[in-house]
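The following exercises are to be worked through with the sequence and the model at hand. Each task is followed by its solution in steps.

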Amino acid sequence: PLPELLPRGPARPVPLGLVLGARSGDKGADANLGVWVRGETAWRWLATTLTADLLRELLPETAGLRVTRHLLPNLRAANFWIEGLLAPGTARREGVDPQAKGLGEWLRARRVPVPEIVLAEVEQP
């Protein structure tokens, strides 16, 4: 089950990297993208906001591809499996990021509205 939604409140657009960490890589023709947060409020936001559909909007190169999201609540993390992003496979693909190593940082650079309550948790020392 998803965690409880955060209460509505003010939000501001920030790079996702202020809120979450990411690591990505290849699995043949597919890409694997893991993201995580540190706090419980940030987890509630991540789990209820960063869906496969939103990922496709933030990363246009994934449009039209099958994206599967797996939530890992005990780790406050989510894993996205992106099928065919690297087709025909990393050994035969030419491009800027043929092994999807930079995909996580590309996602972290995307700007999205993040609730102030999440930003307050993240900015605590």
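**Exercise 1.** Determine where Arg 76 lies and whether Arg 76 is buried, partly exposed or exposed.

*Solution.* Arg 76 lies in the loop between β4 (67-72) and β5 (77-82); strands are DSSP runs of E with at least two residues, helices runs of H or I with at least four, both numbered from the N terminus. The model is predicted: local features need pLDDT of at least 70, side-chain atom pairs count only at pLDDT 80 or more, and totals for chains, interfaces and linings use all residues. Residues are numbered from 1 along each chain as its sequence is written, and side-chain values use heavy atoms, without hydrogens and water. Arg 76 has a relative accessible area of 27% and is therefore partly exposed (buried is under 20%, exposed over 50%, partly exposed in between; 1.4 Å probe, protein chains only). Its phi is near 55°, a positive value. Most residues other than glycine have a negative phi.

**Exercise 2.** Describe the setting of Thr 41.

*Solution.* Thr 41 belongs to helix α1 (residues 40-49). With a relative accessible area of 17%, Thr 41 is buried. Beyond its neighbours within four places in sequence, Thr 41 is in contact (heavy atoms within 4.5 Å) with Leu 6, Ile 117, Val 118 and Glu 121.
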